[in-house]
Amino acid sequence: MIGNITKLALIFIPLIFSDSSLANESGDILREKKCLGDTYEEAKHSRINKKEFLDLKANFTCKVIVYQSGQYPVGGILLTPKIENDEKVPVVIFNRGGNGRFGVLNYSSIFLHLKPIAEMGVAVLATQYRGGMELTDGPAESVDEFGGSDVKDVINIVRLASQLPYVDENQIHMVGFSRGAMSAFISLKELSNIKSLTVLGAPSDLFKTIEERPEMEKVFDYRVPSFTSNKESELRKRSVVYWLDELPDELPILILHGAKDERVSVEQAKILADKLSDINHPHKLVIYDDYHGLPFSQGLMYKEIKAWITGERRTE
């Protein structure tokens, strides 16, 4: 099964860069290029709707980037509304789901996941995580530790965001989907400048994940270093319900989940919300009659996310 992980990967977005890039500090952009060509003829091979393509070109700036994260070059996507003069905008850090190259962000992801957020008037920075993007001199997908050292890729893309001249450093928000929610929670042990957090389909207790989906233990064993000999401690490190007190005290957390989610049960969302209530941590839980990723509730989902980012929120 594990051998098939790379076969399940979505289309990746390649870039090439030199070995000298490793001299750069973490958070520095090493290379960047346009996400798509200048004309629809250059982009239509990606099965992108022409109307959406033209809207993206007219109203947004989209770049595929490679940035430094520790010893690794890591891929990412930067999508911003067209910005004039000295205007500063909020930024949303988007943490994708999946592992290795499974779930990697592709051209379709820009339109499905990133553009709806950028339409809120914010910049969006999304990481592929180390090993999640095939680069000529980049790391193999096996370096993804599923919530281990790869969390630095989230921390360093936040550092990158704070260096962009058009980003309001006081308005850095984070959205995490599935595994990306886990990465977000772990990163917040070190980050103190995140204004709000939204998690979708979040695994909050990996012990429960194994109970619900025993096959995931094989993924953890493949990804997590020394998993077999340190199973309990490694699962606990990645399960936010055991260390909620280590999150920033006033960080508002929006929890979105599908009642029919078969990958991460809605019980995990309910338990997380209950534990946040126990310590009076600001949060809101919204459950939809939907599946993992909320494919049939996108409009309502983005409406909630926008309210959370702009501060028009009501916590529980």
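Predicted model: local features only at pLDDT ≥ 70, side-chain atom pairs only at ≥ 80, totals over all residues.
Visitor: Okay. And what share of the residues is buried?
Guide: Out of 316 residues in the protein, 54% are buried.

Visitor: What's the secondary structure made of?
Guide: Ten helices and nine strands.

Visitor: How far apart in sequence are the residues that touch each other?
Guide: Take the contacts between residues at least 6 apart in sequence: 73% of them join residues at least 24 apart.

Visitor: New topic. How many disulfides are there?
Guide: The count comes to one disulfide. Cys35 and Cys62 form it, with their sulfur atoms 2.1 Å apart.

Visitor: Remind me, what is a disulfide?
Guide: It's a covalent bond between the sulfur atoms of two cysteines.

Visitor: Is the link of Cys35 and Cys62 left-handed or right-handed?
Guide: Left-handed, with -70° about the S-S bond. The pair links distant parts of the chain, 27 residues apart. Cys35 is in the loop between strand S1 (29-34) and helix H1 (40-43), while Cys62 belongs to strand S2 (residues 60-69).

Visitor: Are those two cysteines buried or exposed?
Guide: Cys35 is buried, at a relative accessible area of 3%. Cys62 counts as buried too, at 9% relative accessibility.

Visitor: Let's look at helix H7. Which of its residues are buried?
Guide: In H7 (residues 216-223), they are Met216, Val219, Phe220 and Arg223. Look down the axis of H7 and these buried residues fall within an arc of 95°, so they line one face of the helix.

Visitor: And what do the buried residues of H7 pack against?
Guide: Two other helices, H6 (206-212) and H8 (231-237).

Visitor: I like aromatic rings. How many aromatic pairs are there?
Guide: Four aromatic pairs. One of them is Tyr291 with Phe296: their ring centres are 6.3 Å apart and the planes sit at 70°, so this pair is edge-to-face.

Visitor: Which rings link into a cluster?
Guide: Phe146, Phe220 and Phe227 are linked into a cluster by ring pairs. You've met Phe220 already, as one of the buried residues of H7.

Visitor: Which charged residues sit over a ring?
Guide: Arg179 is one: its charged end sits over the ring of Tyr129, 4.0 Å from the ring's centre. Lys189 is another, lying over the face of Trp243 at 4.0 Å from the ring centre.

Visitor: Now the backbone. What is phi of Ser178?
Guide: Near 55°, which is a positive value in a residue other than glycine. For context, most residues other than glycine have a negative phi. You'll find Ser178 in the loop between strand S6 (167-177) and helix H5 (179-187).

Visitor: What about phi of Ser226?
Guide: Phi of Ser226 is also near 55°, again positive in a residue that isn't glycine. Ser226 lies in the loop between H7 and H8.

Visitor: Which of those serines is buried and which is partly exposed?
Guide: Ser178 counts as buried, at 13% relative accessibility. Ser226 counts as partly exposed, at 48%.

Visitor: One more serine: where does Ser26 lie?
Guide: Ser26 is in the segment before S1. Its relative accessible area is 23%, so Ser26 is partly exposed.

Visitor: And what is Ser26 in contact with?
Guide: Leaving aside neighbours within four places in sequence, Ser26 is in contact with Gln68, Ser69, Gly70, Asn156 and Arg159. There's also Pro73, 47 residues from Ser26 along the chain, with the two C-alpha atoms separated by 9.1 Å.

Visitor: Last one! Where does Glu141 lie, and is it buried or exposed?
Guide: Glu141 lies in the loop between strand S5 (123-127) and helix H4 (151-163). At 8% relative accessibility, Glu141 counts as buried. Glu141 and Asn99 are 42 residues apart in sequence, and C-alpha to C-alpha they are 8.5 Å apart in space.

Notes:
Residues numbered from 1 in each chain as written. Heavy atoms only, no water. Helix = DSSP H or I, 4+ residues; strand = E, 2+ residues; numbered from the N terminus. Buried < 20%, exposed > 50% of the residue type's maximum accessible area, 1.4 Å probe, protein only. Contact = heavy atoms within 4.5 Å. Disulfide = S-S within 2.5 Å. Arc of directions from axis to C-beta. Phe/Tyr/Trp six-rings, centres within 6.5 Å; stacked < 30°, edge-to-face > 60°. Lys NZ or Arg CZ within 6 Å of the ring centre and 35° of its normal.
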